[in-house]
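This briefing is for a reader who is new to the structure. Please look at the sequence and the model before going on to the notes below.

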Amino acid sequence: MKVAEREWGTVLGGAVRVPDPHNLVHLQFRRFAGCPVCNLHLRSIVLRHDEITAHGITEAVVFHSSDAELRPHVADLPFAVVGDPRKRLYAEFGVGSAARSVLDPRAWGAIVRGVVRDLGPVLRGRRPLPEPEGGRLGLPADFLIAPDGEVVAEKRGRHAYDQWSVDELLAHAQALTRRD
């Protein structure tokens, strides 16, 4: 698969180029604004963001929510977040949704950890309750896109918490540099 060059506006007013002419792009498709499972995963990305960028990877995360709905949930993320409430990018990349996203027992532990983690800020009024305008049943997907637009690795999740770990992402990037 080859991705055509484009620039997407981000939730916080910037822009992200996909593909990036100088770096690999890790394009993640997540679920909805405030999704506890997504937040749990994105915190692992935040914790190792410096390491990810040191490997020549630019992060870009797409949610099927509007920019307005996303803003209170993503203000502290150090990477590009793109709202796609009409799910056009989801359709283009073949990223779907299914009841198994939350019904698969492999997702349940992450769902509980994510809800517990996010409950405090919601109860203290620091973060709004998620109200998913695009539904709750999205499946995650990861794409690693080379500067020429070629998708060099991908993972399509089978449940809500089925995505690359940071270690898996870095292993894909390292495998590419060994090939060059």
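Helices (H or I, at least four residues) and strands (E, at least two) are DSSP runs, numbered from the N terminus. This is a predicted model, in which local features need pLDDT of at least 70, side-chain atom pairs count only at pLDDT 80 or more, and totals for chains, interfaces and linings use all residues. Residues are numbered from 1 along each chain as its sequence is written, and side-chain values use heavy atoms, with hydrogens and water left out.

**Helix 6 and Arg117**

- Arg117 lies in helix 6, which covers residues 105-123.
- Helix 6 has 19 residues and reaches 27 Å from its first C-alpha to its last, close to the expected 27 Å; the expected span of a helix is 1.5 Å times one less than its number of residues.
- A kink of about 25 degrees lies at Arg117, shortly before the proline Pro121; the bend at a residue is the angle between axes fitted to the seven residues ending there and the seven starting there.
- Arg117 is partly exposed, because its relative accessible area is 36%; buried means under 20% relative accessible area, exposed over 50%, and partly exposed in between (1.4 Å probe, protein chains only).
- Leaving aside neighbours within four places in sequence, Arg117 is in contact with Leu40, Arg43 and Arg127, where contact means heavy atoms within 4.5 Å.
- The C-alpha atoms of Arg117 and Pro78 are separated by 20 Å, and the two residues are 39 residues apart along the chain.
- The buried residues of helix 6 include Ala107, Ala110, Gly114 and Asp118.
- After helix 6 comes Gly125, with a positive phi near 75 degrees.

**Helix 1**

- The 12 residues of helix 1 should span 16 Å at 1.5 Å a residue, and the end C-alpha atoms are 17 Å apart, which agrees.
- Helix 1 is mostly covered, with 9 of its 12 residues buried.
- Among the buried residues of helix 1 are Leu40 and Arg43, both of which are in contact with Arg117.

**Cavity**

- A search of the whole structure finds 1 cavity of 30 Å³ or more; on a 1 Å grid over the protein atoms alone, a cavity is a set of points where a 1.4 Å probe fits but cannot get out, and lining residues have an atom within 4 Å of a point.
- The largest cavity has a volume of about 50 Å³; grid points are joined across faces, edges and corners, and a volume is the space filled by probe spheres set on the points.
- The lining of the largest cavity includes Phe32, Asn39, Leu42, Arg43, Phe63, Leu70 and Val74.
- Helix 1 (36-47) and helix 3 (67-74) are the elements that give two or more residues to this lining.
- By class, the lining has 7 nonpolar, 3 polar and 1 charged residues (Ala, Val, Leu, Ile, Met, Phe, Trp, Tyr, Cys and Pro count as nonpolar, Asp, Glu, Lys and Arg as charged, and the others, Gly among them, as polar).

**His49**

- His49 lies in helix 2 (residues 49-54).
- His49 is buried, since its relative accessible area is 12%.
- Not counting residues up to four places away in sequence, His49 touches Glu59, Pro78 and Phe79.

**Backbone details in loops**

- The peptide bond from Val18 to Pro19 is cis, with omega near -5 degrees.
- Pro19 is found in the loop between strand 2 (15-18) and strand 3 (24-29).
- Lys87 is a residue other than glycine with a positive phi, near 60 degrees.
- The loop that holds Lys87 runs between strand 5 (80-83) and helix 4 (88-93).
- Lys87 counts as partly exposed because its relative accessibility is 27%.

How values were computed:
On a 1 Å grid over the protein atoms alone, a cavity is a set of points where a 1.4 Å probe fits but cannot get out, and a pocket is an open set with protein on both sides within 12 Å along at least five of seven lines; lining residues have an atom within 4 Å of a point.
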